[in-house]
Amino acid sequence: MSDLHQQLVQMVDRMPAFSGSVNKILQMTSDIDCAPKDLVQVIEHDPVMMAKILKLVNSAYFGLSREITSIKHGVVFVGLNTIKNLAISIATMGMLPKAGPAGLDMNSFLLHSLGTASIAKLLGKRLGVMPDKTTDYFVGGLLHDIGKVVFAQFMPQEMERALKRVEVEEVSLSIAEMIEIGADHAQLGGMLAEKWQLPHTLVTCIKEHHSLEPNGGPNKVLDCVVAANIIVKQVGFGCAGNLIEDRLPDHVSARFGMELAELQESIGNLDEELEKANAFIRI
Amino acid sequence: MLKFTFRGVRGSIASPGPKTVKYGGNTTCIEVRTDSELIILDAGTGIFPLSQTLFPEFPLTCHIFISHTHWDHIQGLPFFIPMFVAGNRVKIYGGQDPVTGNGVQEALSRQLEYAFFPIREAELSAELEYISLSENQVVNIGDAQITNVLMNHPAIDYGYKVSCGDKSLFFTGDHEWPYNIYEPGDDDYQLFKEHIAQKRKSIIDMVAEVDVLIVDTAYTDDEYPAKKGWGHGSFLSSIAMARDAGVKHCFFTHHEPTRSDEELEKVFQAALEKHPSQPGDQEFYLAQEGFTFEL
Ligand SMILES: [Zn+2]
Ligand SMILES: [Zn+2]
């Protein structure tokens with residue numbers, strides 16, 4: 001397993017971002033008048049871009065005296081031009097194929113990630129978090145499944161067999177990944193996030209998003225990401241290859257004081273949130 | 001003892017000529033002296049005239065701190081004479097480029113490539129050393145202490161604080177205070193505003209109560225809006241910084257290359273009138289090549 005991790009860590013450094021955002025970044029940055037907020041928005045909608053830029057700004061190159069938790073935070077602390085050039089350097093690495101090599105549909109994966117991000121943010125607000133403090137909720141949701149893209153990109157055959165197993169045997173993707181690869185996407189993503197020195201809250205969201213127990217103590221952000229992940233699958237928005245779960249882990253329903261159906265019902269119609277995510281991908 | 005001499009005060013490109021004789025045409029370089037040490041802040045073209053004064057001190061050890069690697073702050077480096085003479089020790093400090101991963105040595109080695117300069121880095125006779133700095137790293141040099149904070153410019157740009165005994169100065173390098181990229185009413189306006197306030201505090205905390213602030217003041221308040229995002233300050237932003245940090249003396253530098261001595265004095269006077277001093281306020285000055293100030 002540790003050999004596999006080492007190998008993957010090195011490969012991920014060369015991993016390209018999603019095709020839509022790569023195209024948008026290259027196009028926008030060739031225009032000297034491109035609006036900074038548009039650039040930030042593109043980066044914030046691509047889990048690979050987001051993870052890689054957070055990795056760099058939190059790395060020893062900067063040796064920053066504080067943890068950078070979002071792209072906006074990075075823009076202010078290391079400067080817009082540096083963030084822009086980091087995005088360009090990632091964009092010039094190429095792009096992920098639209099149909100993932102392992103049969104993981106990249107558009108669906110993106111929709112799932114964006115949907116989870118939006119709903120996690122919504123749930124955070126419901127728990128009384130001020131709107132301007134919900135960034136972690138969004139970023140946690142966006143990045144929670146990052147391990148899956150890495151598997152699909154670098155271990156396509158194993159990942160394809162794992163996805164098949166989910167379909168045929170109706171086991172969870174985590175179990176199928178354990179059988180085929182020896183690690184699941186939450187473990188792998190969490191390990192990468194740690195290695196990249198991403199903020200602790202994000203590491204936890206990635207590593208523990210399938211945990212049934214509140215590992216590492218109560219965590220509001222994680223609980224929202226867990227619930228959002230389940231809700232997004234319930235409403236059939238996007239797909240990241242996993243089974244649909246029909247209940248929340250106990251500590252998560254305790255957090256919201258209700259079960260899945262009630263929670264889903266209580267946040268009302270999600271069409272608008274999800275349509276926003278969809279619209280962004282279609283551009 | 002802590003004193004400094006401006007060796008270059010011009011921004012962007014050297015601007016010699018009859019119209020810049022008084023304030024000087026060389027690009028950024030500040031010679032800082034303590035009882036025992038020679039510290040040089042930036043290596044614009046002003047480092048060449050400085051280097052011509054250093055022969056009596058050979059063999060010497062000096063420490064060059066680079067704010068950032070834009071041309072006007074490194075262009076004099078290949079002409080820093082002490083590097084060509086055996087027995088001298090030159091230490092060059094600066095940030096690391098996160099996009100390429102390259103350290104500060106690139107500022108010199110790229111300029112010394114065959115197509116750009118006849119002497120290769122390997123042929124320099126002095127002992128050269130490069131030190132990549134992380135933010136807030138403290139460097140102790142004899143009786144001096146140098147620390148840095150990341151400023152806002154379209155490059156990794158460190159502002160340096162030099163302290164010696166109970167005296168201290170801060171040099172911004174090139175700097176524009178970050179501004180909100182969102183409009184009031186945008187969802188993210190408030191969040192961004194808080195990040196900006198946090199960033200401002202991290203810089204002001206570093207500069208707080210230094211004796212001397214040397215600050216990038218490229219633009220007049222009227223010029224600034226058209227140059228927003230270019231990475232430089234204005235009289236308005238520099239005066240606010242000096243007041244917020246409670247510094248004793250404030251020198252405006254990085255003068256626009258097209259600004260004549262006469263115009264420079266005119267815009268300086270206008271700025272002082274527009275932002276009148278309050279009792280107990282700091283003194284403001286225009287940085288002038290050759291001018292020495294002892295703290
Ligand atoms: Zn400059
Ligand atoms: Zn510059």
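Let us begin with B:F4, which, apart from neighbours within four places in sequence, is in contact with B:I30, B:E31, B:V32, B:L169, B:V212, B:I214, B:F251, B:F291, B:T292, B:F293 and B:L295. Contact here means heavy atoms within 4.5 Å.

Before going on, a word on the model: it is predicted, with local features needing pLDDT of at least 70 and side-chain atom pairs counting only at pLDDT 80 or more, while totals for chains, interfaces and linings use all residues. Residues are numbered from 1 along each chain as its sequence is written, chains are lettered from A and ligands numbered from 1 in the order in which they are written, and side-chain values use heavy atoms, leaving out hydrogens and water.

## The nonpolar cores

B:F4 is among the residues with the most contacts inside the largest nonpolar core, alongside A:L123, B:L41, B:F65 and B:L169; this core has 137 residues. Helix α14 (residues 220–234) of chain A supplies the largest share of this core, 10 residues. A second, separate core has 26 residues, including B:V149, B:L213, B:A242 and B:F284.

A nonpolar core is a set of buried Ala, Val, Leu, Ile, Met, Phe, Trp, Tyr and Cys residues joined through side-chain atoms within 4.5 Å. Buried means under 20% relative accessible area, exposed means over 50%, and partly exposed lies in between (1.4 Å probe, protein chains only). In soluble globular proteins, nonpolar side chains tend to be buried together.

## Where the chains meet

In the interface, 28 residues of chain B are in contact with 27 residues of chain A. Between them the two chains bury about 2,500 Å², 60% of it on carbon and sulfur atoms; buried area is the accessible area (1.4 Å probe) that two parts lose on being put together, summed over both. There are 3 salt bridges between chain B and chain A, a salt bridge being a side-chain nitrogen of Lys or Arg within 4 Å of a carboxyl oxygen of Asp or Glu. A:K72 and B:D188 meet through their side chains in a salt bridge (3.6 Å, N to O).

On the side of chain B that touches chain A, helix α3 (residues 189–207) of chain B gives the most, with 9 residues. Helices (H or I, at least four residues) and strands (E, at least two) are DSSP runs, numbered from the N terminus. By class, this side of chain B has 13 nonpolar, 9 polar and 6 charged residues; Ala, Val, Leu, Ile, Met, Phe, Trp, Tyr, Cys and Pro count as nonpolar, Asp, Glu, Lys and Arg as charged, and the others, Gly among them, as polar.

## Two enclosed helices in chain A

Helix α5 (residues 71–78) of chain A is largely enclosed by the rest of the structure, because 8 of its 8 residues are buried. Those buried residues are A:I71, A:K72, A:H73, A:G74, A:V75, A:V76, A:F77 and A:V78. They pack against α3 (36–44), α4 (47–57) and α6 (80–91) of chain A, together with β8 (144–150) and α3 of chain B. Just after α5(A), A:G79 takes a positive phi of about 100 degrees.

Helix α8 (residues 135–143) of chain A has 8 of its 9 residues buried, so this helix too is largely enclosed by the rest of the structure. Its buried residues are A:T135, A:Y137, A:F138, A:V139, A:G140, A:G141, A:L142 and A:L143.

## A buried histidine and an exposed isoleucine

B:H63 is found in strand β4 (residues 61–65) of chain B and counts as buried, at 5% relative accessibility. The side chains of B:H63 and B:Y93 are joined by a polar contact of 2.9 Å. Such a contact is a pair of N or O atoms within 3.5 Å; within protein, one must be able to donate a hydrogen and the other to accept it, and residues adjacent in sequence count only if both atoms are side-chain atoms.

A:I244 sits in the loop between α14 and α15 (250–256) of chain A and counts as exposed, at 59% relative accessibility. Leaving aside neighbours within four places in sequence, A:I244 is in contact with A:K233 and A:Q234.

## Charged pairs

Over all chains, the structure holds 28 salt bridges. One of them joins the side chains of A:D145 and A:K148 (3.0 Å, N to O), and both of these residues are buried. Another links A:E180 with A:R165, their closest N and O atoms being 2.9 Å apart. A:E180 lies in helix α11 (residues 173–180) of chain A and A:R165 in helix α10 (residues 156–169) of chain A, so the pair ties together parts that are 15 residues apart in sequence.
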